Amino acid sequence: MGFIQAAAGAIGGTLADQWVDFYAPVGNVSPTAAIFPGVLMGQNSGRGSNVRGSQNIITNGSKIIVPEGTALVTIQEGAITGIITQPGGYEYRSNDPHSQSIFTGGGLIDSLVKQSWERFKYGGIPAAQQLIFYVNLKEIPNNRFGTQSEIYWDDAYFGTQVGALTRGTYTLQITDPIMFIKNFVPVKYVSANAPQFDFADMDNSAGEQLFNEVVGCLSAAFSQYTNDPSKGNRMSKIQSDQIGFAACLSQAVETAYQWKTSRGLEIVKTAILSIEYDEDTKVLMSDVKKADALSGARGNAFFQQSVARGMQAAGENGGGTGMAFMGMGMNAAGGMMQGMQQPNVQGAYTPNFNQQQTAQQSTEDPTEKLLNAKKLLDAGVITQEEFDQMKKNLLGL
């Protein structure tokens, strides 16, 4: 009681010529449709013309085509009585002991479908009449998400919580048609003369539920992505990493709502269209960018250039002062850094400017002394007034 395979693989014109009447998917199927009924097709001068509207009831001896990228499901009184995921042509036989209720043909979903079949398979003998539906096994694109207010997550790169508005799209794939129908699809989409189950349909409450669940998981997905060292902990990479962020988002919805294990759904790609950070995060990002630019060798080179420009300006504007600085000997500010830091009674270090004699005996470059002092100023170890005094001592002012 089930199906007899007539031909495997893609179905060409020869088989269609042999089958005057056969069932196939309804025409004009939306790319975002997940389930749609099969309809009776007739040969009539052009193959595959629809002659019976949305009639999707097969009987003993009915011929059925299963196109590539779809699964055929038969339903009786709300129960799944058969499933075919292998492309080809089939004949329904309700009275043939050699017919089969399931054809998977191997592939990625083979084991999942077999496990679900054993769990949910029909307990009785299929009747002569069955409802047939096709399930879209291809990637289902353009499922949108967006936030109306900021969402917040812990960002490893910034080392704190950040917030943003975001919008984008994700691509779904049905990995287990049986689980999808049994646990998620409303009854009205698997009944006689049923409409298409389209994720993009604004009146589809099930599609709206998925939208809300994805939005609810965005914070967890962003946090997982930016805290993954393999992703470089950089939020800026998300918009160009469709697969990587999709894996994080898929894991987040699986953890919260069991999309894959209980519904047979999986997110396979994402496209982040925009991310608008809140004001606090923008300020933080600006500070981090500046810190990045001034760190390491690049920061040292930048600082040295700044000091050189200052020395040049001093020479141009102050004449003798600038020349006095430029003409300092190697020992002009010797020992300044050593004298600048002396332990106090609490063990901390405080500036000491009474070491001018020692500084003059030093063989270190005064420019290096000034650079080190500026670093201490930037680090908050010394105050601006203390730095100005050191500068005057070095310049002999």
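Predicted model: local features only at pLDDT ≥ 70, side-chain atom pairs only at ≥ 80, totals over all residues.
1. **Overall make-up.** The protein has 13 helices and 18 strands. It has 397 residues, and 43% of them count as buried. The exposed surface comes to about 20000 Å². Carbon and sulfur atoms supply 50% of that area.

2. **Aromatic pairs, W153 and F222.** Searching the whole structure gives 14 aromatic pairs. In one of them, the ring centres of W153 and F222 are 4.8 Å apart. Their planes stand at 50°, so this pair is tilted: the angle falls between the 30 and 60 degree limits. W153 belongs to strand β13 (residues 151-155), while F222 belongs to helix α4 (residues 205-226). The pair therefore ties together parts that are 69 residues apart in sequence. Both partners are buried: W153 has a relative accessible area of 2%, and F222 has 1%.

3. **Aromatic pairs, Y225 and F245.** Here the ring centres are 6.1 Å apart. The planes are at 75°, so the pair is edge-to-face; the cut-off for that class is over 60 degrees. Y225 sits in helix α4, and F245 sits in helix α5 (residues 242-257). The two residues are 20 apart, and the pair links distant parts of the chain. Y225 counts as buried, at 1% relative accessibility. F245 also counts as buried, at 0%.

4. **Aromatic cluster.** Ring pairs also join F180, F184, Y189, F197 and F199. These residues form a cluster.

5. **G207.** This glycine lies in helix α4. Its relative accessible area is 12%, so G207 is buried, the limit being under 20%. From G207 to V185 is 9.7 Å in space, C-alpha to C-alpha. In sequence the two are 22 residues apart.

6. **Helix α2, two sides.** Helix α2 covers residues 110-120. Its buried residues are D110, V113, S116 and W117. They span an arc of only 140° around the axis, so they lie on the same side of α2. Q115, E118 and R119 are exposed on the other side. The buried residues of α2 pack against three elements: β8 (79-84), β10 (102-103) and α3 (177-183).

7. **Helix α5, span and end.** With 16 residues, α5 reaches 22 Å from its first C-alpha to its last. That is close to the 22 Å expected at 1.5 Å a residue. Q258 follows α5. The phi of Q258 is positive, near 55°.

8. **Helix α5, packing.** The residues G244, F245, A246, C248, L249, S250, A252, V253 and E254 are buried in α5. The partners of these buried residues are α4, α6 (259-263) and β16 (265-277).

Conventions
Residues numbered from 1 in each chain as written. Heavy atoms only, no water. Phe/Tyr/Trp six-rings, centres within 6.5 Å; stacked < 30°, edge-to-face > 60°. Helix = DSSP H or I, 4+ residues; strand = E, 2+ residues; numbered from the N terminus. Buried < 20%, exposed > 50% of the residue type's maximum accessible area, 1.4 Å probe, protein only. Areas by Shrake-Rupley, 256 points an atom, 1.4 Å probe, with all protein chains shown as cover. Arc of directions from axis to C-beta. Contact = heavy atoms within 4.5 Å. Expected span 1.5 Å × (residues − 1).
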